[in-house]
Amino acid sequence: MSSITLEHSSEQDNQKISMKFVTLVSIVAALGGLLFGFDTAVVSGAIGFMEKRFNLNDFQTGWAVSSLIIGCIPGALFSGMLSDKFGRKKVIIAAALLFIIGSIGSAIPNTFSGFIIARMIGGVGIGITSTLCPLYNAEIAPAKYRGRLVALNQLATVTGISLVYFINLWIAGMGDDAWDVSSAWRWMFGFGVIPGALFLVLLFFVPESPRWLIKQGRAAAALPILLKIHGEELAKQEVRDIKESFSQEKGSFRQLFSPGLRMALIVGVGLAVLQQVTGINAVMYYAPEIFKETGAGTNAALIQTIFVGVINLLFTILAVWLIDKVGRKALMLVGSAAMLICLAVIGTAFQTGHSSGPLVLIFILIYVAAFAISLGPVVWVLISEIFPNRVRGIATAIASMALWIADYVVSQAFPPMLSSAGPAATFWIFGVMSLICLVFTWRAVPETKGKSLEEMESMWAQGK
C-alpha cells in the first residue's frame with residue numbers, strides 16, 4: 001500500500017474521530033433546547049387543572065403561561081455578559097441548576113404566587129440556555145457542519161415539546177379528575193427534574209468553548225480541543241485566525257453600533273423578532289383553542305394539537321439535514337413565503353365561513369412545517385454565528401432578549417386579538433408579518449453557509 005493511500009486513510013480516520021467528538025459535544029449542549037421545549041410546552045397540559053386548583057381568572061391564566069417568559073428575558077439579557085466573564089460552560093451549568101430549582105418549585109407550591117416565582121426562576125435558566133447553547137455549538141463546530149450542529153438545539157426544542165404532550169397525557173391518565181386538579185399538574189412540572197439533572201451531569205463532560213479560552217489568553221488550553229475538532233494543521237490555523245479576530249478593540253456595547261456591526265445587529269434582532277411575530281407560538285401555545293374555533297371538540301382539538309407537534313418535529317429533522325446543503329437564506333425565503341400563503345388561506349377560511357372542515361387543520365400543519373424548516377432552526381443558527389468573536393456574547397444576548405420580548409407580546413396579545421378582531425384578521429396580521437420577513441430576508445440577510453466565524457466578521461467589516 002502506498003504512503004499516499006495510508007495518509008488518505010489516516011485523514012479519513014481523523015475526520016471520523018473529530019466529527020464524533022464534535023457531534024457528541026453538540027448533542028449534550030443541545031439538550032438545553034430540550035429543557036427549553038419541555039418548559040414552554042408543559043404548561044399547556046397543566047393550565048386547565050391549575051385554573052380549578054387556584055380558581056384563576058383570565059388574567060391569572062395568561063400570567064401562569066407567560067411568567068416563564070418574563071424570567072427568560074433577563075436570563076437572555078445577562079447571559080452574554082456572564083458567559084464572557086465566566087465562560088460558556090460555567091454559565092450553562094448554572095442555568096441547568098436554575099431549571100431544576102424552577103421545576104421543583106413549580107411542582108410543590110400551595111399558592112399561585114409561589115408557582116409564579118418558581119416559573120420565573122426556571123425561566124431565567126431557559127433564557128440562558130436558549131442563548132448560550134446555540135452559541136456554544138457555533139463556537140465549537142467546524143464551518144462545514146456548523147448549521148446542522150447548531151440546529152440540533154432547535155431539534156431538541158421541538159423534541160421536548162412533542163415529548164411533553166405525551167408525558168402530560170400519561171400523567172393526567174393516572175388518576176381521576178380530582179387527582180388531576182390536586183396532583184397531576186404538580187407531577188407534570190416536577191417531571192422536568194429528570195431532563196434537567198441529565199443535562200447537568202453531562203455538562204461536566206464537555207469542554208469549554210475554545211474561542212472563549214483564546215479570548216481569555218488561554219490558547220494552550222484551547223489547542224487540545226481544536227485538535228480534536230480539526231486535526232493538527234487546521235487547529236493551529238484556527239488558533240491564529242481567532243487570535244487575529246481578538247486583536248482589535250475589545251468588544252463593547254458601543255461597538256455594536258459601529259459601521260458593519262450595526263448591520264449585523266439589525267439582522268440578528270430583526271430575525272429574532274420576526275420569528276415570533278409571524279405567529280408560531282400563538283399556534284403552539286393556543287392550538288387547542290384555535291381548533292375549537294373550527295368547531296372541534298375538546299378531545300379532537302387535543303389530538304390535532306399532537307399532529308402539530310409531530311409535524312414540527314419531523315420537519316425540524318429535515319431542516320437539520322438541509323441547512324448546510326441548501327443554505328440558511330434559501331430556507332428562510334422558501335419557508336416565509338409558504339407561511340405567508342398558509343396564513344392568508346387560514347384567515348380567508350375563517351372570514352368566508354369555511355373553517356369547519358379540514359382546510360384550517362391542513363394549512364396550519366403546512367404552516368408549522370414551513371416554520372420548522374426555516375425560521376425555527378435557521379434564526380437560532382444565524383443569531384449564534386453572524387456576530388464577531390469579540391462581541392458575540394453580548395450581541396447574541398441582545399438578539400435573544402428581543403426574541404423573548406416578542407414571544408411575550410404575541411402570547412399575551414393573541415387571546416384578546418382572537419376574541420376582539422376575530423381569527424380571520426388575526427391570521428392575516430401574522431401573514432403580513434411573514435411578508436415582511438420574506439422581504440427582510442431577501443434584502444438584508446447574507447448567506448453564511450460554509451463560512452467560518454472569522455470569515456463572517458470580515459464580511460460585515462467589508463459591508464457585504
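Let me begin with confidence. What you see is a predicted model, and within the protein chain the mean pLDDT is lowest in helix α10, residues 232–246, at 66, whereas helix α3 has the highest mean, 94. Residues 1–17 have a pLDDT below 50, and in the model this stretch makes two contacts beyond its near neighbours in sequence. Where pLDDT is low, the predicted coordinates should not be read in detail. For the protein chain, the mean pLDDT is 81, with 82% of the residues at 70 or more.

I turn next to helix packing. How do α3 and α4 cross? Helix α3 spans residues 88–107 and helix α4 residues 112–140; their axes come within 7 Å and cross at roughly 150°. Since angles over 145 degrees count as roughly antiparallel, α3 and α4 are therefore roughly antiparallel to each other. The crossing of these two helices, α3 and α4, is left-handed. Sorted by class, the residues in the contact of α3 with α4 are 16 nonpolar, six polar and three charged.

Finally, the aromatic rings. A search of the whole structure returns 10 aromatic pairs. One of them joins Phe-36 and Trp-380: the ring centres are 6.1 Å apart and the planes stand at 85°, so this pair is edge-to-face. Which parts of the chain does the pair link? Phe-36 belongs to helix α1, residues 3–54, and Trp-380 to helix α16, residues 375–385, so that distant parts of the chain, 344 residues apart, are linked.

Definitions and conventions. Residues are numbered from 1 along each chain as its sequence is written. This is a predicted model: local features need pLDDT of at least 70, side-chain atom pairs count only at pLDDT 80 or more; totals for chains, interfaces and linings use all residues. Side-chain values use heavy atoms; hydrogens and water are left out. Axes are lines fitted to C-alpha atoms, for helices over the stretch in contact, and angles run from 0 to 180 degrees between N-to-C directions. Helices (H or I, at least four residues) and strands (E, at least two) are DSSP runs, numbered from the N terminus. Angles under 35 degrees count as roughly parallel, over 145 as roughly antiparallel, 65 to 115 as roughly perpendicular and the rest as oblique. A crossing is left-handed if the near helix is turned anticlockwise from the far one by less than a right angle, and right-handed if clockwise. Ala, Val, Leu, Ile, Met, Phe, Trp, Tyr, Cys and Pro count as nonpolar, Asp, Glu, Lys and Arg as charged, and the others, Gly among them, as polar. pLDDT is the predictor's confidence in each residue, from 0 to 100. Contact means heavy atoms within 4.5 Å. Rings of Phe, Tyr and Trp (its six-membered ring) pair if their centres lie within 6.5 Å; planes under 30 degrees apart count as stacked, over 60 as edge-to-face and the rest as tilted.
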